[in-house]
Number of protein chains: 2
Amino acid sequence: MSTKKILFMTGHKVYADTFWNQDCIETSRKLDFSVDVPALQHDCLDTDWKKLLPDYDAVITTWSSPCCNAKLLSNCPKIKIIGHAAGSVAMIVDQSTFDAGIRVTTANYIMAEAVAEWSLLSTLMAVRNVLAYTQWGNQNSMNWKRAFDMRDLKRSTIGIWGMGDTTRHLLNMLAPLHPGRIIVCSNHSSASSLAEFGAEKCSLEEVFAESDIIHLLAGVNHENLFRIGEKELRLIKPGATLINGGRARLVQEQPLLQELQTERFNAIFDVFYQEPLPEDSPFKQLKNVIYTPHNAGFTGRERFVPFILNEFARMFRGEPLLGEINRQRHLTMTDERLGR
Amino acid sequence: MSTKKILFMTGHKVYADTFWNQDCIETSRKLDFSVDVPALQHDCLDTDWKKLLPDYDAVITTWSSPCCNAKLLSNCPKIKIIGHAAGSVAMIVDQSTFDAGIRVTTANYIMAEAVAEWSLLSTLMAVRNVLAYTQWGNQNSMNWKRAFDMRDLKRSTIGIWGMGDTTRHLLNMLAPLHPGRIIVCSNHSSASSLAEFGAEKCSLEEVFAESDIIHLLAGVNHENLFRIGEKELRLIKPGATLINGGRARLVQEQPLLQELQTERFNAIFDVFYQEPLPEDSPFKQLKNVIYTPHNAGFTGRERFVPFILNEFARMFRGEPLLGEINRQRHLTMTDERLGR
């Protein structure tokens, strides 16, 4: 097979530096790929990608890469696949990409593993009530009262909204901890496929009403945007913990703030309506919430491009892809433009 | 088989209330056991256990129960087994118990699962550097700088001192997270038995010198008491995290304090030289340490006595026990009297 030519289509030097590493170089060599990364030298935001693209067999994209629709790729018969070194491809391709017969894959499964790790950490912080029973550096004091108000994970119900890559990883990570019960609300998964992961299929209302730990891991698409409001939040059990490592805009902001201010339940959030969370945000005053600075999916980025290069190799060899996104899945992925 | 008579030998009402629950009652009924729990009514610390014991076929002990040595049991030919509803039996039996042919079991494996869960939580708090990147309630502020100083667990080395029940559970819990490398220092485990858990056998020095995350999970016996001093602590890599969910007295106090004050590495501790940790302790001033109030093993206590009752049933049926402690193991278990 002749050397395949691949373009990493980002104009941002920071992304080129983040994603391009020794492992990428070695993987390219091993697979006989010639990869061009124009932004490795300096920002090149004014690049005329349309002019460059016809030379290449495959394209790597990442955050803020241009949308690879049929128009951009109109003069590129050699391009057979787009590989996204990040998560959702909602803005990276559109339906015309699929019409043109171009295949699409993403490193979402890799990033989802990091988000699942954060979700596991949050689950354990919630059941062990670290807000009450932990001293962080010299910042606060810890409660030594011996009748600890902690949950036994083995007698807890974990409810998850969404059955995407993050949930799959999380269910694998939870298995050796033997949670009491796991319930999942998903339109796209059957009861039997959930049972393979030790989970029961349930409604969105059941996730909120029955869970001790609630994970919001659905994508922000037209159906889910701001879908959680006062009605669902009022269903949450006293003392339960609402965990959002997915997207802030799954939940309506004002009802969320008001329900948290009652201190009836706790929360752990990695995602915010405005980032960084403003210093004067009323959310910063809540005593019952733990925040992390949208870093749940941060680790493992050095594996994104090697994964995509291996996806390209699988396609050129005619093998199935591990991260392929089809026309239907594209419609349900998080679209960052929604609700802005 | 005739109904077996069992005595829960604690004089403390608080322990009777902690451990005796509906599940114990149902398990006893199912197994045809008649269990007496004198302390359920009120503290009975002046009970003459030696007088009561000859009536029984088995004895349940817990923290501060008297030592079931040959002297206490000299007139009790019916007693075949002691079941400890807690962890170490170092103070609950002595070598004369084994000489008398009495078998010994413990719910240590159940408690160890809770400590392993805490150890997993601590591992994740360490790799994700929650001290730097988390806001706890309205207590502090979080760092939003985007070049997060976090570890990738998949490229981290986890070092563990001790291969007891807690380590076994922890290794099972870590498996789906695929840590880069796991090294274990254990006198009692072979390289091949560790390999079954995905771990490599190594020396104590290697645990300290090569690990990004160090777990102290050895028992405090004569060999291990205060075994870690300045020499080992100086081996710790900059930015690593020392995690102690086992026993404070594995480590010498002053060298530990001095090394932590350099802020060269971080720590997470559930156990202390004096509990509660005094308000004026210099440990409370450390910025690089997370503390929990000796609650790592708190959850799951309601399962201790049902587990012991099932151990008794296995023995009466002639089946192997799950938590049996033999003469050799007894000598290596944590002895709370050491170093006090």
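This is a predicted model: local features need pLDDT of at least 70, side-chain atom pairs count only at pLDDT 80 or more; totals for chains, interfaces and linings use all residues.
Residues are numbered from 1 along each chain as its sequence is written, chains are lettered from A and ligands numbered from 1 in the order in which they are written, and side-chain values use heavy atoms, leaving out hydrogens and water.

Now for the aromatic rings. Over all chains there are 19 aromatic pairs (rings of Phe, Tyr and Trp, the last by its six-membered ring, pair if their centres lie within 6.5 Å; planes under 30 degrees apart count as stacked, over 60 as edge-to-face and the rest as tilted). Take A:Tyr273 and A:Phe283: their ring centres are 6.2 Å apart and their planes meet at 35°, so this pair is tilted. A:Tyr273 is partly exposed at 23% relative accessibility, while A:Phe283 is buried at 6%. Back in chain B, B:Phe269 pairs with B:Tyr291, and because the planes are at 40°, with centres 6.3 Å apart, that pair is tilted. B:Tyr291 is buried, with a relative accessible area of 0%.

A:Lys4 lies over the face of A:Phe316, 4.7 Å from the ring centre (the rule: NZ of Lys or CZ of Arg within 6 Å of the ring centre and within 35 degrees of the ring normal). In chain B, the charged end of B:Lys5 sits over the ring of B:Tyr56, 5.0 Å from its centre.

Definitions and conventions:
Buried means under 20% relative accessible area, exposed over 50%, partly exposed in between (1.4 Å probe, protein chains only).
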